Amino acid sequence: MAQVFISFIHEEVGYAEAVKDFISRTLGPPAAPFLSSDRFQVYAGEKWIDRIMDELREAKVVILMLSEESVKRPWVNFEAGAAWTRNIVTIPVCIRRLTKDDLPKPYSSLQAVDLNSVREDEYLACSVAHYLGLAKPSGRMQMPQIGGDLGVSLKYKSDQTAYTSLDATLKLLN
């Protein structure tokens with residue numbers, strides 16, 4: 001079971017995959033997140049709702065990928081509520097046009113991350129490391145700035161391997 005669970009809506013899977021890749025490469029295998037849409041994490045024939053509930057139950061951190069669209073969706077709110085009632089650390093991550101100031105209650109009660117803002121990607125990685133009891137990542141790691149409706153402006157400045165993989169993932173968003 002993964003220690004990090006990423007909640008998102010299907011239409012924004014590219015953002016969730018980019019965060020998954022960034023967290024995995026920055027913090028290593030102990031922090032590899034679970035994505036319910038990853039066919040190599042939920043297998044054919046598996047009862048997917050049971051698997052999602054098991055992953056939520058075992059997670060130490062739930063990352064909520066929140067946009068103006070996703071905050072209105074029942075599934076994201078269901079996963080957030082499941083985490084909240086189990087006292088699992090829940091990190092709202094603002095994407096697209098949603099900002100921290102726009103977060104509705106109860107999400108606005110939590111310290112959030114806005115991936116459209118400078119160094120918030122690093123703040124996300126450091127926060128996840130903290131809650132998992134991992135060493136704080138060293139050096140400057142940066143995910144792409146995600147903004148607007150059409151995609152991303154790459155500003156990733158870490159090792160070349162991470163850049164190449166993240167760049168490939170983010171091309172899906174354009």
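Leaving aside its neighbours within four places in sequence, which residues is M65 in contact with? In this predicted model, M65 touches I6, S7, F8, E12, Y15, A16, V19, S70, V93 and I95, once those sequence neighbours within four places are set aside.

**Nonpolar cores**

The largest nonpolar core comprises 24 residues, and M65 belongs, together with I63, V93, L124 and V128, to those that have the most contacts inside it. Two or more residues of this core come from each of the elements β1 (4-7), α1 (13-27), β3 (61-66), β4 (89-94) and α4 (120-132), and the most is given by α1, which supplies 6 residues. Another core, of 23 residues, lies apart from it and includes M53, C94, L98 and L103.

**Packing of α2 and α3**

Helix α2 and helix α3 pack with their axes 10 Å apart and at an angle of about 40 degrees, and because of that angle α2 is oblique to α3. The crossing in which α2 passes α3 is right-handed. The residues through which each helix makes the contact are set out below.

| Helix | Range | Residues making the contact |
|---|---|---|
| α2 | residues 48-58 | W48, I49, I52, M53 and L56 |
| α3 | residues 74-85 | W75, F78, E79 and A82 |

Sorted by class, the contact of α2 with α3 has 8 nonpolar residues and 1 charged residue, with no polar residues.

Conventions: Residues numbered from 1 in each chain as written. Predicted model: local features only at pLDDT ≥ 70, side-chain atom pairs only at ≥ 80, totals over all residues. Heavy atoms only, no water. Core = buried A, V, L, I, M, F, W, Y, C linked by side-chain atoms within 4.5 Å. Buried < 20%, exposed > 50% of the residue type's maximum accessible area, 1.4 Å probe, protein only. Helix = DSSP H or I, 4+ residues; strand = E, 2+ residues; numbered from the N terminus. Contact = heavy atoms within 4.5 Å. Axes fitted to C-alpha atoms, helices over the stretch in contact; angles between N-to-C directions. Parallel < 35°, antiparallel > 145°, perpendicular 65-115°, else oblique. Left-handed = near helix turned anticlockwise from the far one by under 90°. Nonpolar A, V, L, I, M, F, W, Y, C, P; charged D, E, K, R; others polar.
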